[in-house]
Amino acid sequence: ELSSSDTGGGGLQNSGTGNATIINSTFDQNQATGSGDGGAIFNTGQLTVAATAFTGNSGDDGGAISAGANSNTFIETSLFSGNMSAGEGGAIRVGGGNAFLNLSFSQLTGNMAGTNGGGLVAFSSGANVFIDSSTIDGNTASGTGGGLQVGDQVSIVNSTIFGNTSSSGVAGGGGIRVQPTGRLDLTSATLAGNIAASRSGGALSVDSGGVVTASSSIFADSTDGVSPITDVDGSVTSFGTSIVESGGGAAGFDTVSGDQFQDPLLDPGGLRDNGGPTPTVALQAIALGFGSNSPAIDAAGSHAEDDQRLVPRLAGSADIGAFEVDPQVYFVNTTADTPDADSMDNLPIDGSGNVSLRSAIMALNNFEGGNGVIILPPGQFTLTQTSGGSADSNATNDLDISASNVRIIGTGSLSTRIDASG
């Protein structure tokens with residue numbers, strides 16, 4: 001905290017053969033001064049980060065992390081908020097030759113770049129980036145690519161790009177800009193509410209020479225500097241079942257079977273906690289209390305096994321975008337080992353109004369059909385051991401599952417643990 005470096009990595013520099021693992025930590029207000037990259041971390045080695053927060057860090061390129069040549073960077077269940085770069089990559093910058101980043105179950109929110117890539121930039125010199133089940137929201141670039149700037153290979157799966165802003169008059173891409181050297185593959189992604197203040201392509205802008213493929217993704221609710229509004233500007237090869245709201249302003253979208261040009265009817269409340277490790281934008285559905293059903297529901301056929309929240313998708317009738325309208329899903333919000341207050345009401349609520357792992361299992365055991373999913377947040381779930389108590393008691397000791405089909409899904413072995421406490 002409050003450390004600085006003029007050679008990069010205000011908090012930590014992991015170089016060459018270095019192999020660093022960071023878990024349950026906070027990097028706050030670190031600075032890479034002068035022309036140093038990576039306000040918190042500069043990595044050219046092997047770096048693994050889990051359940052860690054990066055807040056208020058600053059650097060020349062890569063406000064929080066800069067991953068350079070020959071680096072391998074793995075980030076899961078982590079938060080990047082309020083970081084700032086004078087140049088590219090408000091939160092993260094990746095590139096320099098043979099640089100790999102895997103970002104999963106993480107959120108980049110409210111970061112700022114002085115030039116391009118408010119949240120993240122993969123620059124055109126040997127970057128390979130894979131983003132899964134993550135949210136990039138509320139980031140700002142004074143240049144282009146409010147959420148992301150893509151100059152090399154980037155794949156995005158089951159992720160949400162929401163409410164990002166680019167200000168440049170040179171090119172658009174409030175959500176994402178793909179440069180001539182860039183390649184972007186989108187699968188089951190939701191790009192919504194992004195702003196290109198001065199140019200076209202509120203959600204996505206693709207330069208001539210850039211390559212983009214889209215499958216089962218949503219481009220909607222954008223704002224840009226032209227009329228009519230264009231969610232997508234530039235050439236996109238569709239693999240089917242995507243929705244672009246601004247059909248009249250997406251001439252470069254190569255339409256194939258199952259693509260739609262209409263309002264996808266997203267939750268008007270926008271990005272929120274819908275359960276799971278990261279916030280998402282829900283689809284309107286009568287089953288969720290809305291007045292109508294989104295045309296994205298059941299329209300994707302077979303796609304990614306789970307949605308961004310780890311909710312299983314229905315085989316053959318998945319929903320378009322990062323959000324799947326739920327089957328029977330319980331989202332645990334406490335690590336306390338507390339029983340269901342009323343196991344006969346089909347609600348997994350404990351005596352404090354929370355959903356625990358134990359209360360969710362007890363509710364599913366009594367739910368008609370006995371099928372369901374339990375989503376666990378990061379944390380340690382320690383089971384209560386009662387002296388002299390029955391091992392077959394639902395309320396204490398081990399977890400007894402009598403339901404016919406239950407999936408329990410955490411956020412990874414480094415961040416979600418169930419402990420029998422002896």
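Predicted model: local features only at pLDDT ≥ 70, side-chain atom pairs only at ≥ 80, totals over all residues.

Guide: Arg 313 and Glu 324 both sit in the loop between β39 and β40, 11 residues apart.

Visitor: Are Arg 313 and Glu 324 buried or exposed?

Guide: Both Arg 313 and Glu 324 are buried.

Visitor: How many salt bridges does the structure hold?

Guide: There are 11 salt bridges in the structure. One of them pairs Arg 93 with Asp 37, whose closest N and O atoms are 3.6 Å apart.

Visitor: Which parts of the chain does the pair of Arg 93 and Asp 37 tie together?

Guide: Arg 93 belongs to strand β14 (residues 92–94), while Asp 37 is found in the loop between β5 (31–32) and β6 (41–43), so the pair ties together parts 56 residues apart in sequence. Burial is judged by a cut-off, namely a relative accessible area under 20%. Arg 93, with a relative accessible area of 14%, is therefore buried. Asp 37 has a value of 16% and is buried as well.

Visitor: What is the relative accessibility of Arg 407, and of Glu 305?

Guide: These two residues form a salt bridge with each other, the closest N and O atoms of Arg 407 and Glu 305 being 3.9 Å apart. Arg 407 lies in strand β43 (residues 405–409) and Glu 305 in the loop between β39 (280–283) and β40 (329–331), so this pair ties together parts 102 residues apart in sequence. Arg 407 has 29% relative accessibility and counts as partly exposed, whereas Glu 305, at 58%, counts as exposed.

Visitor: Let us turn to the strands. What is the general idea for their side chains?

Guide: In a regular strand, side chains alternate between the two faces of the sheet. As a case to examine, take strand β41, which spans residues 371–375.

Visitor: How many residues of β41 are buried?

Guide: Four of the five residues in β41 are buried, and the strand is mostly covered.

Visitor: How do β40 and β43 run relative to β41?

Guide: β40 and β41 run parallel and are joined by three bridges; Phe 331 has Ile 375 in β41 as its bridge partner. β41 and β43 also run parallel, with five bridges joining them. There, Ile 374 is partnered by Ile 408 in β43.

Definitions and conventions. Residues numbered from 1 in each chain as written. Heavy atoms only, no water. Salt bridge = Lys/Arg side-chain N within 4 Å of Asp/Glu carboxyl O. Helix = DSSP H or I, 4+ residues; strand = E, 2+ residues; numbered from the N terminus. Buried < 20%, exposed > 50% of the residue type's maximum accessible area, 1.4 Å probe, protein only. Pairing = 2+ DSSP bridges.
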